[in-house]
Amino acid sequence: MMTVPSFRSTPALLVVLLLSVLAVLPARAELTVDITQGNIEPLPIAVPDFIAGDDVERKLSIEIAEVISANLQRTGLFRPIDKKAFISQPQSLGVNPRFANWKPLNAQALVVGAVNIEANGALRASFRLWDVFAEGQMTGLSLTTTQANWRRVAHIISDTIYERITGEAGYFDTRIVYISESGPSDRRVKRLAIMDQDGANHRLLTDGKTLVLTPRFSPTQQEITYLAYYNDQPRVYLFNIDTGEQELLGDFPGMTFAPRFSPDGNNVVMSFAKDGNSDIHVMDLRTRRVRRLTDSPSIDTGPSYAPDANKIVFESDRGGSQQLYVMNADGSGQRRISFEKGRYGTPVWSPRGDLIAFTKIFRGTFHIGVMRPDGSDERLLTQGFLVEGPTWAPNGRVLMFFRQEKSDAQGRGGDPRLFSIDLTGFNERELGTPFGGSDPAWSPGPIHQ
Amino acid sequence: MRLNIPSLVVAAFVLAACSSTGDDSANSGSSGASSSGAVSSSGVGQKAAAPAGPRPGTQEDLKVNVGDRVFFDFDKSNLSTEARTTVERWGAWLKTYPANKVVIQGNTDERGTREYNLALGERRADSARDYLISLGINPNRLKIVSFGKERPAVVGSNDRAWAMNRRAVLVVSAN
């Protein structure tokens with residue numbers, strides 16, 4: 001049994017998910033997708049509507065199947081089969097599916113699920129993932145929660161399917177915080193916004209009267225740290241998602257900016273600018289004590305912790321141009337890691353620890369790329385007039401960033417938009433938002449206790 | 001298709017005229033400065049000049065008679081000879097109006113990453129501030145703020161717009 005608090009921590013919305021893996025029959029041949037390969041043929045998968053009784057259940061069963069299909073499709077690794085091609089509809093979760101009806105569709109995998117509204121109104125969703133050609137069950141799961149949480153149910157089922165077939169953790173039960181942008185570019189209105197990773201449940205968190213930039217989630221996802229221009233002073237704030245309360249992080253004479261949480265959430269590392277010099281400092285959120293980590297007479301910013309919290313990658317122009325550096329978490333051992341041609345900024349350490357993503361500017365073109373923490377094996381994933389600000393999905397296999405095209409003399413055409421791309425450099429997709437979008441930050445992953 | 005050619009030619013002439021007007025006003029800081037210049041110094045709330053000219057010591061006076069902004073090279077924060085001349089005029093003006101306090105707003109063009117540009121804008125504003133202090137202006141009268149690439153004076157992704165956006169602007173504090 002696993003208890004999963006809802007994103008909102010209010011007790012009324014507390015979700016309890018009961019996981020019981022249904023009897024697993026060994027599959028003869030393992031059905032897998034290797035996600036480290038780039039342009040693979042997507043795996044055909046059938047996701048029929050979940051089995052349902054009354055109309056309420058039927059509506060949820062259709063919606064859950066749709067969200068699962070859409071999640072899997074967007075990965076580029078799966079090809080959900082058109083429902084109109086189905087020969088039959090599963091009637092029971094308890095018996096083996098009629099595999100002969102799915103083989104002609106070349107469905108490699110089949111998701112059979114059921115939705116029940118229980119006497120107390122709770123939503124119970126169960127599913128089994130079948131390997132059609134091996135005629136065996138690959139995994140199964142049963143979840144109980146409130147009906148309002150049906151989307152999270154669909155995301156958790158999607159995560160389970162993805163994990164079973166790819167061997168990697170899923171990233172569907174996650175959220176994105178970003179900056180919603182509207183209005184002309186010289187009078188842009190920027191608002192803090194949050195949404196699920198698929199764009200659903202979109203909410204604007206600030207009113208747009210104050211310029212806000214560069215949000216980042218805390219590990220618990222209850223708080224966001226970001227830059228805001230309240231009283232025309234650019235400084236770092238904490239924003240509580242549940243209460244909407246803001247808190248200034250320290251009262252320092254100059255600009256504070258580029259904040260990120262440490263992996264345990266106890267510290268915020270950020271830059272202080274004073275007298276034309278920006279240095280990286282770390283604040284202990286419990287004592288509010290601040291420690292200076294860099295002191296070169298240069299622009300030191302964009303800090304990002306390694307997942308083990310022992311090291312920090314950052315950018316500095318101390319050598320004459322914007323480049324990437326790594327230091328120990330106490331500021332010692334600073335050394336440059338980027339040595340190819342061009343300028344480098346916005347480094348972000350992968351949650352797996354194995355790579356650092358960055359923005360690179362070379363000959364006037366922006367790139368999103370990755371390199372190892374020692375600077376080796378640089379690989380550029382995408383480019384454009386302006387692509388900036390990569391953020392990692394919690395499984396370290398997908399990145400999100402924003403893209404902006406050139407604007408004309410009237411300022412048209414330059415609205416930024418959010419995109420995701422696989423670490424392989426394939427499967428670049430736009431994530432639609434109500435207005436323009438920039439500075440995305442992916443949540444660190446679902447909350448497990 | 002043929003019919004469209006004359007109208008395209010006309011459009012090109014109009015654009016050329018606009019852009020040369022913009023260049024002139026930017027370089028001289030004259031009253032012909034585009035409305036976008038006014039936007040960047042918003043919050044001061046000064047109205048357009050009365051027939052007799054701007055009221056002495058106001059933002060409009062600074063803009064029309066002194067020049068309220070200096071420009072920087074790409075990814076640079078040092079003051080050019082021209083920029084130093086402008087800041088020297090700022091210094092003289094601030095000595096003429098000793099009650100005035102000001103904010104120097106540092107800005108960048110759009111061709112850089114957001115946080116680096118925030119730091120670069122701060123560095124540009126600080127360059128102007130440092131020079132004013134060296135000219136004898138009391139530091140207590142001078143604040144700086146960086147907007148990075150967030151507040152372009154001129155929209156568009158072209159060399160002219162970028163040059164006009166790499167700027168520090170002297171803004172009279174409202175008090």
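Trainee: What is a salt bridge?
Mentor: A salt bridge is a side-chain nitrogen of Lys or Arg within 4 Å of a carboxyl oxygen of Asp or Glu.

Trainee: Which side chains meet in one here?
Mentor: Those of D198(A) and R151(A) do, at 3.0 Å from N to O. The count between domain 1 of chain A and domain 2 of chain A is 1 salt bridge.

Trainee: What kind of model is this, and how are residues numbered?
Mentor: This is a predicted model, in which local features need pLDDT of at least 70 and side-chain atom pairs count only at pLDDT 80 or more, while totals for chains, interfaces and linings use all residues. Residues are numbered from 1 along each chain as its sequence is written, chains are lettered from A and ligands numbered from 1 in the order in which they are written, and side-chain values use heavy atoms, with hydrogens and water left out.

Trainee: Where are the domains of chain A?
Mentor: Domain 1 covers 43-166 and domain 2 covers 175-442; such bounds come from an automatic or database domain assignment. The C-alpha centres of the two domains of chain A lie 36 Å apart.

Trainee: How many residues are in contact?
Mentor: In chain A, 9 residues of domain 1 are in contact (heavy atoms within 4.5 Å) with 9 residues of domain 2.

Trainee: How much area do the domains bury between them?
Mentor: Domain 1 and domain 2 of chain A bury about 650 Å², 37% of it on carbon and sulfur atoms. Buried area is the accessible area (1.4 Å probe) that two parts lose on being put together, summed over both.
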